[in-house]
Amino acid sequence: MDFPLLIGIFPQVLLDGLILGFMYALIALGYTMVYGVLEFINFAHSEIFVVGAFVGVEILLTLQAAGLLEIFSPFLVLLVVLLLGMLASGLLAVTVERVAYRPLRGAPRLIPLISAIGVSFFLQDAVRLVESIWRNAFNLVYPTMDTLNIRYSFTETLDVSVKSLVVIVASLLMLWGLHALVNRTKIGKAIRAVAEDQATASLMGINVNRMISLTFLIGGAMGGAAGVLFGVQYSLINPYTGFIPGLKAFTAAVLGGIGNIPGAMLGGLVLGLLEAFAASYLSLLTGGAFGAEYKDIFAFSILILILIFRPKGLLGEVVRERA
Amino acid sequence: MRTVRLRYLPVALAALALVLPVTSLTDAQSKGTIKIATQSPLSGGQAALGEGIKLGTQLAIEKLKGPIEKLGFKVELVPFDDQAKPDVGVANAANVIADKDILVVVGHLNSGVAIPASEKYKEAQLAMISPANTNPTVTDRNYLNVSRVCGRDDVQGVVGAEFAKTTLKAKTAYVIHDKTTYGQGVAEFFKADAEKKGIKILGFEGTEEKSNFDPIITPMKAKNPDLIYFGGIYDQAAPFFKQAREKGVKATFMGPDGMDSSDLTKIAGKAVQGMYYTSVAGPVSVYPAAKEFAKQYKDKFKKDPEPFAAQAYDATAIGLKAIEAAIKASGGKVPSREQVSVAVRKTKHTGITGTIEFDEKGDPKKALYFVLQVASDDPGKWGDNKEVKRLSIAAPPLKKS
């Protein structure tokens with residue numbers, strides 16, 4: 001076994017895992033917040049994530065076609081794209097809630113779940129339809145911005161690109177912002193109150209429907225931001241791109257303790273790291289007997305183990321209140 | 001509102017009654033309709049190649065249906081979208097064999113779809129002529145109804161390894177594949193032959209990942225191979241190559257004919273400029289007889305023919321010839337599917353990609369193999385890709401088991 005190689009790539013794998021983990025964390029927040037408030041799984045969230053990615057790529061491609069991409073600072077462009085992607089996804093999430101979930105609020109639990117799966121299919125094919133008419137394309141590629149691809153080498157095996165740093169910094173800022181919003185503001189208090197007990201919260205003068213809409217807006221915006229960052233980092237997206245990251249992020253939310261915001265962040269990071277290490281090391285450690293394709297089996301086996309010993313997730317019991 | 005609409009119903013029925021006899025009259029003049037089906041991905045990530053197969057067939061039917069129409073039959077195209085998925089391909093195949101008018105299938109793009117779907121066609125002895133399927137199993141099952149106009153992966157992989165050794169002088173290689181019948185197949189042939197020739201294989205990985213290749217690239221970069229071979233199709237290979245270059249991997253890139261689409265450069269841009277790929281279907285420019293085809297294709301569909309469009313054209317031409325021969329043999333009546341399958345095997349056809357003649361199991365007796373180099377990062381210039389090497393190799397004979 002090649003020990004110098006195994007140790008040499010360690011920091012790079014750690015970094016790859018962190019980037020993936022932050023992305024999962026951002027998506028997982030959408031699942032966990034909605035669950036915290038309404039106790040149901042919004043399976044359309046993976047498509048809300050993809051819509052963010054598509055809004056991002058459309059803006060960038062339009063800027064590129066107009067020749068404006070080179071003129072502005074790439075960080076400014078990225079900030080604008082990120083904000084617009086968040087806005088689009090947030091508003092879409094609110095619309096989906098209003099159209100597909102609110103009319104079913106009193107119905108048995110499984111009914112909105114089915115509705116969510118339906119919305120998910122609808123959005124996938126709606127995106128596909130629009131893109132095939134608009135650009136006659138299935139795969140869309142984020143335009144290359146040279147500044148973002150500059151790499152800083154630390155050691156022979158570790159180097160970091162500017163866009164990876166952007167992903168990490170943006171994720172950290174958003175996670176911190178959300179944490180502050182939920183725990184330190186009046187709105188956050190209202191959302192937590194609705195999560196705790198809708199009837200009592202409304203008796204206290206909180207507009208429950210508005211708070212639920214707000215939850216969807218915030219969760220959707222986080223998903224949209226993750227979509228844009230995903231596109232910037234991995235560059236290729238298509239209408240079905242959201243399915244796997246969505247599933248993984250949902251798993252991350254469960255791993256962290258569904259309904260629990262710090263849990264979703266932690267769950268995302270743990271899952272991202274597990275996946276990156278499994279994919280990079282499995283074939284090195286087993287001499288090629290188990291390749292990178294076993295990464296999900298490995299990661300999910302560990303998840304099952306964790307959930308056997310902590311059925312409520314990593315942070316499921318530490319913080320009692322939801323959302 | 002409802003009563004108003006009903007009032008027009010008799011009028012509509014009367015109009016319909018007037019139209020119906022006319023259509024049945026024109027039908028009576030012809031002896032029936034013969035349909036040719038295509039099966040290829042028309043939606044999804046591989047739609048660019050799949051559409052080329054459909055349009056090549058469409059053009060061939062329009063240009064070459066004359067002789068069959070003279071015999072009193074109409075010829076129609078029925079395109080199916082197999083989505084590059086085996087389950088969809090097989091479900092479509094059931095619909096194809098249920099339509100008795102379909103006498104030939106041109107398709108598929110993916111070997112992993114063609115193999116299970118052709119099991120269905122075999123039930124009805126329906127002729128499948130493949131323009132693009134290169135996995136050996138497609139013809140090694142020795143089915144009467146399955147033929148192809150292109151080469152095979154057990155040869156293509158060897159051609160790639162040979163080129164890597166003698167021209168690129170690669171000492172080490174890293175092999176990735178997409179875990180499909182086609183991609184893994186050709187990657188294994190490449191690997192086996194490269195090892196035989198003394199190229200050290202530093203890693204052999206399969207992945208279904210479509211977007212995040214980081215964890216695969218990191219160990220690969222640390223091992224620093226001379227060459228990276230991707231057994232798979234451009235929609236997955238392109239983001240992989242792009243991310244690998246962005247992460248600082250310096251190896252030469254190489255792949256099989258699944259790389260052969262302008263979408264490769266559309267997605268990966270500069271990262272794939274200068275990379276090599278082997279192909280069983282050269283760009284239209286290498287076939288002198290295909291010039292006219294390329295022009296007609298562009299005039300009609302407003303785009304350059306994708307790879308395999310010319311092969312689909314020839315496959316359809318063979319199908320039409322076989323149907324014509326089978327009609328004549330059965331005394332001017334609609335031939336059975338089995339008769340058409342038999343006729344396909346007997347057809348010797350000089351088409352736009354050369355002369356095709358089938359061996360006993362349905363491979364072309366001699367097929368051309370190319371090594372090509374991506375010329376530019378502009379997808380519009382995909383047709384300018386340089387031909388680095390061309391070989392004409394006979395298909396391996398059927399292994400007696």
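What follows is a short chat about the predicted model shown above.

Q: Before I look at details, what pLDDT does chain A average?
A: This is a predicted model, and chain A averages a pLDDT of 89, with 98% of the residues scoring at least 70.

Q: Which elements of chain A have the lowest and the highest mean pLDDT?
A: Among the elements of chain A, the lowest mean, 82, belongs to helix α1 (residues 3-8), while helix α4 (residues 74-101) has the highest, at 95.

Q: Switching to chain B, how is chain B divided?
A: Chain B has a domain 1, made of 32-151 + 285-364, and a domain 2, made of 154-279 + 370-394. The C-alpha centres of these two domains of chain B are 28 Å apart.

Q: What about the open sheet in chain B, in what order do the strands run?
A: Seven strands of chain B form the open sheet in the order β7-β6-β8-β9-β10-β13-β14, with mixed pairing, and the twist from one strand to the next averages 15°.

Q: Why is one side of β7 and of β14 in chain B left without a neighbour in the sheet?
A: Because β7 (200-206) and β14 (386-394) of chain B stand at the edges, each has a single partner strand, and one side is therefore left without a neighbour in the sheet.

Q: How does β13 of chain B join β14(B)?
A: Strand β13 (residues 366-373) of chain B runs antiparallel to β14(B), and eight bridges join the two; in this part of the sheet, Gln373(B) stands opposite Lys386(B) of β14(B).

Q: Which helix lies across those strands?
A: Helix α7 (residues 153-166) of chain B lies across several strands, including β6 (172-177), β13 and β14 of chain B, and runs at about 40° to β13(B).

Q: Last topic: how many residues does the contact take from chain B and from chain A?
A: The contact takes 26 residues from chain B and 30 from chain A.

Q: Which elements of chain B give two or more residues to that side?
A: They are β7, α9 (214-223), α10 (234-246) and α11 (262-268) of chain B, and α9(B) provides the largest share, six residues. The chain B side has eight nonpolar, 10 polar and eight charged residues.

How values were computed. Residues are numbered from 1 along each chain as its sequence is written. Chains are lettered from A and ligands numbered from 1 in the order in which they are written. This is a predicted model: local features need pLDDT of at least 70, side-chain atom pairs count only at pLDDT 80 or more; totals for chains, interfaces and linings use all residues. pLDDT is the predictor's confidence in each residue, from 0 to 100. Helices (H or I, at least four residues) and strands (E, at least two) are DSSP runs, numbered from the N terminus. Domain bounds come from an automatic or database domain assignment. Two strands pair if DSSP finds at least two bridges between them. Axes are lines fitted to C-alpha atoms, for helices over the stretch in contact, and angles run from 0 to 180 degrees between N-to-C directions. Two residues are in contact if their C-beta atoms, placed from the backbone, lie within 7 Å. Ala, Val, Leu, Ile, Met, Phe, Trp, Tyr, Cys and Pro count as nonpolar, Asp, Glu, Lys and Arg as charged, and the others, Gly among them, as polar.
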